[in-house]
Amino acid sequence: SNLSADLTAGERTAGAAAVSGPGLTVVIENPEDAEPDAADSDPRTGEDENALTSSDLQHVINGLWSSGATAVSVNGQRITSLSAVRFAGSAILVNYRPLVPPYDISIIGPSGLHAAFDKNAGGNYLSTISKGVGVRSSWRTSQNVQLPEAPSVSLNYARPAKEKSQ
């Protein structure tokens, strides 16, 4: 039974299993003056320099982890140690799936997570882009945040354990 419990805990931590529990959701939106198609704009070409970028989401997500988050998803895409949050062309991709704003970031974690986030680099970054370019964010707490499992969890270096000889 201990092995089963360890496996279940490992699956949750690795993102291989759906999880639920108390937590938060933060909704991050482009500034009101962003172009309607800001999700399709490429900030490198200057089409809309105020649109959120993958780097912006990375800063926020990393700040949430450092604040004590135990599980995170963005627009239903579970974030794991193997997740990529990046630009591809002009779209923000999470787990290689294009997302459109607003970005709903669901978090499972301790009750003081929001306060801890506000005090760390991720919170400072979100505050700076909110004041600087008008990125909007709103928070809500919930006793039952539900996060899906990651789309695929693959092991690159795992090997079967060798049995001890008697």
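Visitor: Which residue stands opposite V74?
Guide: Q77, in strand 3. This is a predicted model, where local features need pLDDT of at least 70, side-chain atom pairs count only at pLDDT 80 or more, and totals for chains, interfaces and linings use all residues. Residues are numbered from 1 along each chain as its sequence is written, and side-chain values use heavy atoms, with hydrogens and water left out.

Visitor: How many bridges join strand 2 to strand 3?
Guide: 3, and the two run antiparallel. Strand 2 covers residues 71–74. Strands are DSSP runs of E, at least two residues; helices are H or I, at least four; both are numbered from the N terminus. Two strands pair if DSSP finds at least two bridges between them.

Visitor: What is the strand order in the sheet?
Guide: 3-2-7-1-8, an open sheet of 5 strands with antiparallel pairing.

Visitor: New topic. How many aromatic pairs?
Guide: There is 1. F117 and W139 are tilted, 5.4 Å centre to centre with 55° between the planes. Rings of Phe, Tyr and Trp (its six-membered ring) pair with centres within 6.5 Å; planes under 30 degrees apart are stacked, over 60 edge-to-face, the rest tilted.

Visitor: What does the pair tie together?
Guide: F117 lies in helix 3 (residues 113–119) and W139 in strand 8, so the pair ties together parts 22 residues apart in sequence.
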